[in-house]
Structure formats: C-alpha cells, structure tokens
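Take a look at the sequence and the model, and then read on.

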Amino acid sequence: MAEGASLLAIGAGHMGGALLEGAFKAGGVIDPARSLIIDPQPSDRIRSLEGAYGVSVATILRAPVAADAVLIAVKPQVLENVLAPIRAYLPETAVYVSIAAGKTVAAIEEQLPAGGAVVRAMPNTPAAVGKGVSGLYAAS
C-alpha cells in the first residue's frame, strides 16, 4: 500500500478535528505519523487525536515544514493573525484547504507563500460522524 500524504493542520477545533479524525479513520490518504497539528491552545480533541493516531502536536511553527497538504481550520476572523507569524515556515508547493467561511480564495492566497494551490471547502456538521459532504472551490 502506498504511503499516505503528509498533512499540516492549522487548528483542529470542532469541524477541523472532525475532518482530521475522519481522514485518519479512513486510512491510506493521510498518514497521521507524517502529520502535524498546530494550535496555540491544544484542546482535549487535539490531544485525543494525538493519542489515538500518533499525530504530532505543537503550539506554533518554529521551522519550515514540508507537507503535501495544509488544512486551515481556524475561525475566519483570526485567519490573518494566525497565519502571519508562521507564513515563512509554510510549504510553498502544498495544496491548502481552507474551511474559513466567508474568506475568498484571493484573501487566503494573500496570507500564504506563493506557489501553493488553494481550495475552499465548506463541510457540513455530519462530517463529525463521518457522514458529511463538502462543497469545494478551487482557483485556477
């Protein structure tokens, strides 16, 4: 079986945590052992993902990270404040998936290194139990 993709998750609250748990449970696509969750205030949910799947957890990035994909799962009103101090450490060629409602692809791209592909995803709450759907939008 092929190795799963590496993932950097920025935030893992209710919806982000549900998406991560679903991806880890599904197996094969995302490799928890090659993944990192960063959140300034790790929650019980994040610690649960760490314990159950062996994903690494940190409060901030302090060095460049290589990842195939980056999940941006923070509230839209804090997006810029969260990304600004870590922008220099984000991978340039990753696929960035944002669930920040109300933020355009252009607004998200302004906060990221040049070269990454941005996809907006709008998951619904059944994602928490592995039965959700997501609307997706990818820029050129």
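In what order do the elements of the protein chain run from the N terminus on? Keep in mind that this is a predicted model. The order is β-α-β-α-β-β-α-β-α-β-β, which amounts to four helices and seven strands. The radius of gyration of the chain is 14 Å, close to the 14 Å that the globule rule gives for 140 residues, so the chain is as compact as a globular protein of that length.

Some values for the whole protein chain are collected here.

| Property of the protein chain | Value |
|---|---|
| Span of the C-alpha trace along its principal axes | about 35 × 30 × 30 Å |
| Buried share of the 140 residues | 39% |
| Accessible surface | about 7,400 Å² |
| Share of that surface belonging to carbon and sulfur atoms | 55% |

Contacts tell us about the fold too. Of the contacts with a separation of 6 or more, 59% are between residues 24 or more positions apart.

Now to the charges. The chain carries 10 positive and 11 negative side chains, and 6 Å lies between the centres of the two sets.

You will find D31 in the loop that links α1 (14-26) and β2 (36-38). D31 is buried, yet no salt bridge is found for it. R34 is the nearest side chain of opposite charge, at 4.7 Å, while a salt bridge needs a side-chain nitrogen within 4 Å of a carboxyl oxygen. Setting aside neighbours within four places in sequence, D31 is in contact with E3, G4 and A5.

How values were computed: Residues numbered from 1 in each chain as written. Predicted model: local features only at pLDDT ≥ 70, side-chain atom pairs only at ≥ 80, totals over all residues. Heavy atoms only, no water. Helix = DSSP H or I, 4+ residues; strand = E, 2+ residues; numbered from the N terminus. Rg over C-alpha atoms; globule rule 2.2 N^0.38 Å. Buried < 20%, exposed > 50% of the residue type's maximum accessible area, 1.4 Å probe, protein only. Contact = heavy atoms within 4.5 Å. Areas by Shrake-Rupley, 256 points an atom, 1.4 Å probe, with all protein chains shown as cover. Lys, Arg positive; Asp, Glu negative; His and termini not counted. Charge placed at Lys NZ, Arg CZ, Asp CG, Glu CD.
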